Amino acid sequence: MAGSLPPEIGNLKVARLIDLSRNQLSNGIPREIGGLQNLVHLSLRHNKLQGTIPDSMSNMVGLEFLDLSHNNISGTIPMSLEKLQYLKYFNVSDNKLYGEIPSGDPFKNLSSQFFIYNEALCGSSRFSVPPCPTSSKHRSNRKKVLLLFLLLGIALVFVPITFVFVWIRNRRGKSSSQQADSLSTVARERISYYELLRATNALSESNLIGSGSFGSVYKGVLRSGTAIAVKVFNLQLEAAFKSFDTECEVLCSLRHRNLVKVISSCSNLDFKALVLEYMPNGNLEKYLYSHNYFLDIRQRPSIMIDVACALEYLHHECLLPVIHYDLTSCWMRIWLPT
């Protein structure tokens, strides 16, 4: 379907779901769309929409799902959208947006992946964007950050000692929380091969988020809007066949809050994959070595404790001890800064 969104779309007062994704819609989003106060789900992704996000969308008080990704929308994200208290999904990736990302409700719990590939968005570091430039107050804050880096370097000398004491204390209290995450969903939910291809753009290289000994991990989004990580096994390696069966069997029995949840699996003669819960804050490496991110003296021991607790569980507290090939953030639920 081609053409423009007509202003008459605002007359659909009783509509609750509108999905016009993957069409050839162009021009702008009419401001009359703000009259759809009963609308819950609106998807306009993968079109050729231009112009700005109308401020009138803040009147769509019942909106829970809004996807404007993969268009040519420019301008800023209206701060008035913070009034949409029921909004749980807001994706504007792959557009030409710039300016500050709203930080109030409901933007506090959104993934940074929903804002990537835009012109020049800025705001909170939890969205993986640079801070917005401000006045002299901003320059003063930069000096404070540099001072913090200096203090952090000195404090790192004491991290090993801090780690030992905190780890001992954490070990005493963690037993009650280790059963929180159940991985029984492997057998409960099935996701088809074609759904995984659709979710990962046919295992596109742009969706690749990591590689391991027996395969690669891709980021994807299911039709429901759930972000997932798909570990695809390299079947050219003979050991990968056995590794897949073994991982499925072992992961069904693992229950620990610091191990990533397995949602499902997909297997046929030419394809084997595990579908994992997606960890939206990215790779731990960027927080350790990138100049745009940093971890303070409180966060670093916390991350080391999370990793150590997961390893202790795998080595000593499973019914059968688990021996792993490599340790990656794809499998560890590490509480990175948000």
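These legends go with a set of close-up views of a predicted model.

**View 1. The disulfide between C122 and C132.**
Let's start with the cysteines. A disulfide is a covalent bond between the sulfur atoms of two cysteines. Searching the whole structure turns up 1 disulfide, and C122 and C132 are the pair that makes it, with sulfur atoms 2.0 Å apart. C122 sits in strand β9 (residues 120-122) while C132 belongs to the loop between β9 and α1, so the bond ties together parts that are 10 residues apart in sequence. Look along the S-S bond and you'll find an angle of 95°, which goes with a right-handed link. Are these two cysteines buried or exposed? C122 is buried at a relative accessible area of 9%, and C132 is buried too, at 17%.

**View 2. Two other cysteines, C266 and C309.**
These two are tucked away as well. C266 counts as buried because its relative accessibility is 6%. For C309 the relative accessible area is 3%, so this residue is also buried.

**View 3. Strand β14 and the two strands it pairs with.**
Strand β14 runs over residues 271-277 and is mostly covered, with 6 of its 7 residues buried. What sits beside it? One partner is strand β12 (residues 227-233), which pairs with β14 in the antiparallel sense over 5 bridges. The other view of the strand shows β13 (residues 262-268), also antiparallel to β14, this time over 6 bridges. β13 and β14 form a hairpin, and 2 residues lie between them.

**View 4. The hairpin of β10 and β11.**
Here is another pair of strands to trace. β10 covers residues 208-211 and β11 covers residues 215-221; the two pair in the antiparallel sense over 3 bridges. How many residues lie between β10 and β11 in this hairpin? There are 3 of them. To get your bearings, pick out L208, which stands opposite Y218 in β11.

**View 5. Aromatic rings, with Y193 and Y194 up close.**
A pair of aromatic rings is described by the distance of the centres and the angle of the planes. The count of aromatic pairs in this model comes to 7. In the pair of Y193 and Y194, the ring centres are 5.3 Å apart and the planes meet at 70°, so the arrangement is edge-to-face. How covered are these tyrosines? Y193 is partly exposed, with a relative accessible area of 28%, whereas Y194 is exposed, at 64%. Elsewhere, four phenylalanines belong together: F90, F107, F115 and F127 form one aromatic cluster.

**View 6. A nonpolar patch on the surface.**

Conventions:
Residues numbered from 1 in each chain as written. Predicted model: local features only at pLDDT ≥ 70, side-chain atom pairs only at ≥ 80, totals over all residues. Heavy atoms only, no water. Buried < 20%, exposed > 50% of the residue type's maximum accessible area, 1.4 Å probe, protein only. Helix = DSSP H or I, 4+ residues; strand = E, 2+ residues; numbered from the N terminus. Pairing = 2+ DSSP bridges. Patch = residues over 30% accessible without salt bridge, like charges linked within 9 Å, V, L, I, M, F, W, Y side chains within 5 Å. Areas by Shrake-Rupley, 256 points an atom, 1.4 Å probe, with all protein chains shown as cover. Salt bridge = Lys/Arg side-chain N within 4 Å of Asp/Glu carboxyl O. Disulfide = S-S within 2.5 Å. Phe/Tyr/Trp six-rings, centres within 6.5 Å; stacked < 30°, edge-to-face > 60°.
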